[in-house]
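Here are my notes on the charged pairs. Please read them with the model open.

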Amino acid sequence: AKEAKEAKEAKEAKEAPPKRDKDKEGGKKEGKKREEPAAADKAAAEREKLLKKVIKEGGKKGVEIEGAADMGGLEFFCTTLESPEGDVGLLEASMTAMNAEPDPDAEDRKGCSGRVGKMIFSAGVQQLAMVAYVPAGSAEKVLLADWLHHVCAAVQGEVASPPAAAESPDGGLAASAVAKADADAGKFPLKDKDTAMAAAFAFLRSKGAFPEDNDDSDDDMIFGDDCNLDDYD
């Protein structure tokens with residue numbers, strides 16, 4: 001009987017599931033919890049740093065556009081920004097910075113181009129981001145939705161944010177779109193950027209909102225994507 005009892009106990013001990021080390025498991029969970037907030041905090045800090053860079057670039061570009069508009073009497077402009085790297089949300093922040101009222105107490109003048117309609121582009125690895133803006137004073141000349149749809153058609157783009165009130169001292173509307181990369185089809189954001197910008201300028205010219213090409217004039221240099229507007233301040 002004693003041997004049978006011992007055999008039974010041995011069998012039960014063998015079949016029983018192993019005991020869980022609650023302290024050890026709890027430590028792993030707690031460690032994971034600590035890692036997740038740390039990673040999230042790091043990502044948020046990097047995003048904030050990038051946003052500051054984007055706003056700085058946008059503010060500077062706005063001043064350059066203001067100067068070019070004053071010199072050439074332009075109502076509309078198209079250009080690219082590098083720091084958003086195809087992120088449409090960051091490119092929207094760029095547009096806001098470009099249109100912002102200048103801070104009279106700031107050491108450097110920033111923004112200032114809210115009166116100039118714009119379409120801006122940023123090429124990333126995965127997509128081309130596009131943001132368009134038409135101030136209230138130019139709305140009768142160029143319809144924002146038509147302008148953006150025309151450009152999207154040229155690069156198989158899709159509207160990301162439909163026209164809505166712009167964050168600009170000059171009022172108006174803003175909208176955004178993206179054109180996804182497709183390597184198999186030979187479709188790349190950098191190539192789409194050039195195609196989209198050409199389409200944006202062509203639409204403006206069709207509406208009499210941008211000067212026609214003139215091969216005899218060097219003024220067209222300041223309207224291109226590769227120009228350095230600082231040279232014309």
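**Salt bridges across the chain**

1. Start with Glu75. This residue is partly exposed, at 32% relative accessibility. The scale runs as follows: buried is under 20% relative accessible area, exposed is over 50%, and partly exposed is in between (1.4 Å probe, protein chains only).

2. A word on the source. This is a predicted model, where local features need pLDDT of at least 70, side-chain atom pairs count only at pLDDT 80 or more, and totals for chains, interfaces and linings use all residues. Residues are numbered from 1 along each chain as its sequence is written, and side-chain values use heavy atoms, with hydrogens and water left out.

3. Glu75 forms a salt bridge with Lys141, with 2.6 Å between the closest N and O atoms. Lys141 lies in the loop between strand S3 (127-134) and helix H4 (144-155), and Glu75 in the loop between H2 and S1, so the pair ties together parts 66 residues apart in sequence. Helices (H or I, at least four residues) and strands (E, at least two) are DSSP runs, numbered from the N terminus. Lys141 is partly exposed, at 33%.

4. The structure holds five salt bridges. The term means a side-chain nitrogen of Lys or Arg within 4 Å of a carboxyl oxygen of Asp or Glu.

5. Arg47 and Asp87 form one of them, at 2.9 Å, N to O. Arg47 sits in helix H2 (residues 22-72) and Asp87 in the loop between strand S1 (76-80) and helix H3 (88-99), 40 residues apart.

6. Arg115 and Asp70 also meet in a salt bridge, at 2.2 Å, N to O. Arg115 is partly exposed at 37%; Asp70 is exposed at 52%.
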